[in-house]
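Please look over the structure shown here before turning to the briefing that follows it. The notes are grouped by topic so that they can be read beside the sequence.

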Amino acid sequence: MLALLDAWLAAPFDYGFMKRALVAGMALSLAAPPLGVFLMLRGMSLIGDAMSHAILPGVALGFLFAGFSLPMMSLGGILSGLLVAVLAGSVSQMTGHREDSAMASFFLISLAAGVMMVSLGGSSVDLTHVLFGSILAVDSTALLLIAGIASLIVVSLAVIFRALVVECLDPLFLRGQGVRGGLVHGVFLGLVVLNLTAGFQTLGTLMAVGLMMLPATTARFWSNRLEGLIVIAIGVAMVASAGGLLLSYHLSLPSGPAIILMAGVAYVFSALFGRQHSLTARYRRRAAPLNAPTADH
């Protein structure tokens, strides 16, 4: 039994490429879920998806100029994502349209432009790599970049944590304390862009948001406290990363989709059986009055 468990759970990570993939997955699992929790609390869950597409033109430009140079592609992705965030915010302020509507418009433009550029400058294999990533192909340079960005995100979140919580719950109070809510919001969106840029190498621009949002929405079925949401979301992301890599290794499946599908399984399970807001929890609440003892008259 122990030998079987070792063959299934430990032996795959004897290979260098699996070790690098696991470290990259753990680094992203520490940085991405807390951002997803705050996006969910701010009612901006779909903004993360929009931002993941917004980095594509920059990644494509980096690819056209330098091939598969991760530093150039990452730099292009960061600049492109920040540009789209600024443009969406500016259009929202100037026209009065909701920021999410402006973001959706720009992300569609960005997606089309990025796919067009990669298609013109490369092959269908190049396009697939950019859109869907390849965590098993992470090398030492990519690993250092991912770990560095993840560390920067964690430290930055720790610095702005209180202001971010207050800005989510009571932005007027934050303004009364002399802190500009727009600055906190801008820094937060910048961290989202950084995270998505770190994730595109492993999960691709289309699925990088999955490790950010699925663990966060899964945690919502188990806790109502912010600390609990963050801890559970990180745990779900880590299990999904390790489990997805093992499924990919043993069943010869694409690694990125396997990781996101593992997170998806956790979400469906939690929606059915979680302690908070799940189908089972609702059934228990409805059944409780029926089973409560009644006084004899």
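**Briefing on the predicted model**

Ser-255 has its place in helix 13, where helices (H or I, at least four residues) and strands (E, at least two) are DSSP runs numbered from the N terminus. This is a predicted model, in which local features need pLDDT of at least 70 and side-chain atom pairs count only at pLDDT 80 or more, while totals for chains, interfaces and linings use all residues. Residues are numbered from 1 along each chain as its sequence is written, and side-chain values use heavy atoms, with hydrogens and water left out.

**Overall make-up**

- The protein contains 14 helices and 0 strands, and its pattern along the sequence reads α-α-α-α-α-α-α-α-α-α-α-α-α-α.
- Of its 297 residues, 46% count as buried, a class that means under 20% relative accessible area, with exposed meaning over 50% and partly exposed lying in between (1.4 Å probe, protein chains only).
- The accessible surface of the protein comes to about 14900 Å², and 69% of it belongs to carbon and sulfur atoms; these areas come from the Shrake-Rupley method with a 1.4 Å probe, and for residues only the protein chains shown count as cover.
- Where contacts (heavy atoms within 4.5 Å) join residues at least 6 apart in sequence, 74% of them link residues at least 24 apart.

**Annotated transmembrane spans**

- According to the unreviewed UniProt entry, the annotation "transmembrane region" covers residues 20-39, 72-91, 103-122, 142-166, 178-197, 203-222, 229-249 and 255-274; UniProt positions are given in the numbering used here, feature names are shortened, and annotations may be inferred rather than shown by experiment.
- In the model, residues 20-39 are 100% helix and 0% strand, with their end C-alpha atoms 28 Å apart, and residues 255-274 are 95% helix and 0% strand, with their end C-alpha atoms 27 Å apart.

**Helix 4 and helix 8**

- Helix 4 spans residues 56-66, and its buried residues are Leu-56, Pro-57, Gly-58, Val-59, Ala-60, Gly-62 and Phe-63; the helix is followed by Gly-67, which has a positive phi near 70 degrees.
- Helix 8 (residues 140-169) has 30 residues and reaches 41 Å from its first C-alpha to its last, close to the 44 Å expected at 1.5 Å a residue, the expected span being 1.5 Å times one less than the number of residues.
- At Ile-160, helix 8 bends by about 60 degrees, where the bend is the angle between axes fitted to the seven residues ending there and the seven starting there; Ile-160 is also one of the buried residues of this helix, which include Ile-153, Ser-156 and Glu-167.
- The N-terminal end of helix 8 is capped by Asp-139, which places a side-chain oxygen 3.3 Å from the backbone nitrogen of Thr-141.

- Ser-255 counts as buried because its relative accessibility is 7%; leaving out residues up to four places away in sequence, Ser-255 touches Ile-135, Leu-136, Leu-245 and Ser-248, and its C-alpha atom is separated by 8.8 Å from that of Thr-202, 53 residues apart along the chain.
- Asn-195, in helix 10, counts as buried because its relative accessibility is 3%, and, not counting residues up to four places away in sequence, Asn-195 touches Leu-28, Ala-31, Ala-32, Leu-35, Ile-153 and Met-212.
- His-185, also in helix 10 (residues 181-207), is buried with a relative accessible area of 17%, and its side chain makes a polar contact of 2.4 Å with the side chain of Arg-42; a polar contact is a pair of N or O atoms within 3.5 Å, where, within protein, one must be able to donate a hydrogen and the other to accept it, and residues adjacent in sequence count only if both atoms are side-chain atoms.
- His-250, in helix 12 (residues 226-251), counts as partly exposed because its relative accessibility is 25%, and, leaving aside neighbours within four places in sequence, His-250 is in contact with Ala-7, Trp-8 and Pro-12.

- Most residues other than glycine have a negative phi.
- Ser-252, in the loop between helix 12 and helix 13, has a positive phi near 55 degrees and counts as exposed at 68% relative accessibility.
- His-277, in the loop between helix 13 and helix 14, has a positive phi of about 65 degrees and counts as partly exposed at 36% relative accessibility.
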